[in-house]
Amino acid sequence: MSDMPTAMIEAIDLRKSYDGGVIEALDGVTLTIAPQEFVAITGPSGCGKSTLLHMLAALDRPDSGTITVDGHDLTDLHQPNRYRRDVIGLVFQLHNLLPHLNARQNIEVAMMGTGHSRKEQRARANELLAAVDLGGLEERRPPQLSGGERQRVAIARALANHPQVLLADEPTGSLDSAAVERTLALLASLRRDSDVTIVMVTHDPVVAAATDRTIHLRDGRVSA
Ligand code: ADP
């Protein structure tokens with residue numbers, strides 16, 4: 001779909017309410033994110049950050065408004081699973097790795113059903129682990145890795161299918177300060193060395209400052 005879009009992500013007047021309209025989680029959000037931008041979405045707790053990220057991941061739909069990601073209209077998506085597998089990569093605060101699989105196998109799981117041979121999957125997983133500086137730890141299971149190492153495996157997994165967009169929800173939220181710095185450096189280097197666009201939700205202004213641009217949300221709206 002990518003016919004050199006000027007915007008990788010475009011959201012127009014997104015609205016989402018809960019509890020029969022009592023809570024306006026998103027109250028008319030309009031934003032544009034360019035290809036290869038590294039953007040932070042920040043704001044106080046409850047301002048709508050996760051709701052917005054869930055919409056970008058097609059995990060939820062707006063009540064009204066439109067969202068387009070790499071040319072895909074997310075309000076009219078026929079194969080959301082395929083979109084989530086092929087167009088985006090998702091990273092959460094808690095890494096959601098499978099504890100009984102080793103680091104390499106956790107990444108291979110993300111490639112299931114993509115038509116690649118076991119050998120290709122293994123090679124790609126090894127390449128990704130090397131890229132996130134975990135070469136040599138391929139056989140370790142999540143309980144045998146530090147929090148920062150687990151988050152780097154989760155980032156490698158999110159990149160498995162060459163996504164156009166990496167969506168990260170508080171990816172540094174559960175890490176100590178050294179691991180936060182390392183994770184942010186990794187995201188910055190990914191953006192520099194590949195053509196991925198990164199959208200990171202964080203409530204932490206110091207983390208947001210590591211990106212190219214910060215979009216502030218307040219009460220479900222983009223604030224100046
Ligand atoms: P943030 O990620 O910035 O903390 P959220 O997007 O999680 O904010 O939430 C925005 C608002 O919507 C909050 O008032 C929250 O309580 C409310 N909200 C989010 N999800 C739901 C839900 N499933 N049901 C009811 N209210 C929700």
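A polar contact here is a pair of N or O atoms within 3.5 Å; within protein, one must be able to donate a hydrogen and the other to accept it, and residues adjacent in sequence count only if both atoms are side-chain atoms. With that in hand, look at D176, which caps the N-terminal end of α6: one of its side-chain oxygens lies 3.1 Å from the backbone nitrogen of A178. Helices (H or I, at least four residues) and strands (E, at least two) are DSSP runs, numbered from the N terminus.

This is a predicted model, where local features need pLDDT of at least 70, side-chain atom pairs count only at pLDDT 80 or more, and totals for chains, interfaces and linings use all residues. Residues are numbered from 1 along each chain as its sequence is written, and side-chain values use heavy atoms, with hydrogens and water left out.

Now follow α6 itself. Its buried residues (under 20% relative accessible area, 1.4 Å probe, protein chains only) include V180, T183, L184 and L187. Among the elements that cover the buried residues of α6 are α4 (118-131) and α7 (205-208), judged by contact (heavy atoms within 4.5 Å).

Next comes the sheet. Six strands form an open, mixed sheet in the order β6-β7-β8-β3-β9-β10, where strands pair if DSSP finds at least two bridges between them. At its edges are β6 (88-91) and β10 (221-223), each pairing on one side only. Elsewhere in the sheet, β3 and β8 pair in the parallel sense over four bridges, and A40 stands opposite M200 in β8. Helix α6 packs on this sheet, touching β3, β7 and β8.

Key: Buried means under 20% relative accessible area, exposed over 50%, partly exposed in between (1.4 Å probe, protein chains only). Axes are lines fitted to C-alpha atoms, for helices over the stretch in contact, and angles run from 0 to 180 degrees between N-to-C directions.
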